[in-house]
Amino acid sequence: MVEPIFDYQFRLILIGDSTVGKSSLLKYFTDGKFAEVCDPTVGVDFFARLIELKNGVRVKLQLWDTAGQERFRSITKSYYRNSVGALLVFDIAKRSSFNHIGDWLTEAKFHIEPHKAVYLIVGHKADMEDDRKVTYKEGKSLAEQHGLSYIETSAVTGQNVEESFLRVTQEVYDLMEAGKIQIEDGWDGVKNGYSRPRETFHLQEGEPESGGCCG
C-alpha cells in the first residue's frame with residue numbers, strides 16, 4: 001500500500017511594501033510564535049508548512065516572502081510566475097502601504113497570468129488599533145472592488161494568521177476541484193504530493209499481529 005505524506009503542494013507568495021510585517025506573518029504561521037526581531041528580507045526568503053483542509057486533504061505550502069524594496073523587484077518578479085496564491089499585505093497603521101496594494105495586485109497578475117491564482121488582501125498589525133490609519137471598512141471595500149476577500153491579522157496576537165493561509169489554500173483546492181486550476185508541466189504553482197511505501201511486516205508462524213490486546 002502507499003501512504004501519502006501530502007496530497008498536493010501549493011506555492012504561495014507574500015507581497016507588499018517593506019516593513020508591513022510579511023516576514024513576521026510567515027514566521028508566526030510556521031513557528032507558532034511572534035518573532036521579536038525580524039531583519040529586513042533581502043530578495044526572497046523561503047518557508048514551508050503542511051496543513052490539512054476540511055476534507056482531510058493534506059497540502060504542503062511552499063511560502064515565499066518577498067522584499068518590498070524597489071531595488072529587489074527584479075529578483076522577486078521571477079517568483080510570481082510559479083505561484084498559485086498571493087497574500088497582498090499592508091500595515092493598517094501605515095496609509096501609504098494600503099495605497100500601494102492596487103499596484104502590487106496589478107504587478108502580480110501581470111506576471112502570474114495566464115495562470116489562475118487566488119489573491120487575498122491582508123490588513124496586518126491589527127494589534128495596533130490605537131495607531132490605525134486604515135479602517136476595516138476601507139480594507140474590505142478595496143478588496144470588494146477587485147472581487148477579493150479581506151482579512152485583518154496580527155503576528156503579535158496570532159489573530160487570523162492561520163485563517164488567512166487556510167482561506168487561500170482552501171480556495172485554491174476548490175478551484176482545482178472545479179477544474180479552473182490544473183497541474184501543468186513546467187509550472188510550480190500546484191504539484192502532486194509525494195508518497196512513500198507503508199512499512200510491511202512479515203509475521204513468523206504463530207507470531208501475534210502488532211496492535212492486538214492480550215487479556
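Predicted model: local features only at pLDDT ≥ 70, side-chain atom pairs only at ≥ 80, totals over all residues.
Across the whole structure, nine salt bridges were found. One of them joins the side chains of Asp188 and Arg11, with an N to O distance of 3.9 Å. This pair links distant parts of the chain, 177 residues apart: Asp188 is located in the loop between H6 and strand E8 (190-192), and Arg11 in strand E2 (residues 8-15). The two partners fall into separate accessibility classes. Asp188 has a relative accessible area of 26% and is partly exposed, whereas Arg11 has a relative accessible area of 8% and is buried, because buried residues are those under 20%. The pair also belongs to a network of salt bridges, in which Arg11 and Asp188 are linked with Lys191.

A salt bridge is also present between Arg95 and Glu138, where the closest N and O atoms are 2.9 Å apart. Arg95 is part of helix H3 (residues 95-99) and Glu138 is part of helix H5 (residues 136-145), so this pair ties together parts that are 43 residues apart in sequence. Arg95 is partly exposed at 33% relative accessibility. Glu138 is likewise partly exposed, its relative accessible area being 26%.

In general, side chains of opposite charge can pair when their charged atoms come close.

Ser164 was examined with regard to its surroundings. The residue is placed in helix H6 (residues 161-177). Ser164 has a relative accessibility of 0% and therefore counts as buried. When residues up to four places away in sequence are not counted, Ser164 touches Leu87, Leu120, Ile151 and Thr153. One of these contacts, Leu120, is 44 residues from Ser164 along the chain, and the C-alpha atoms of Ser164 and Leu120 are separated by 7.9 Å.

Notes
Residues numbered from 1 in each chain as written. Heavy atoms only, no water. Helix = DSSP H or I, 4+ residues; strand = E, 2+ residues; numbered from the N terminus. Buried < 20%, exposed > 50% of the residue type's maximum accessible area, 1.4 Å probe, protein only. Contact = heavy atoms within 4.5 Å. Salt bridge = Lys/Arg side-chain N within 4 Å of Asp/Glu carboxyl O.
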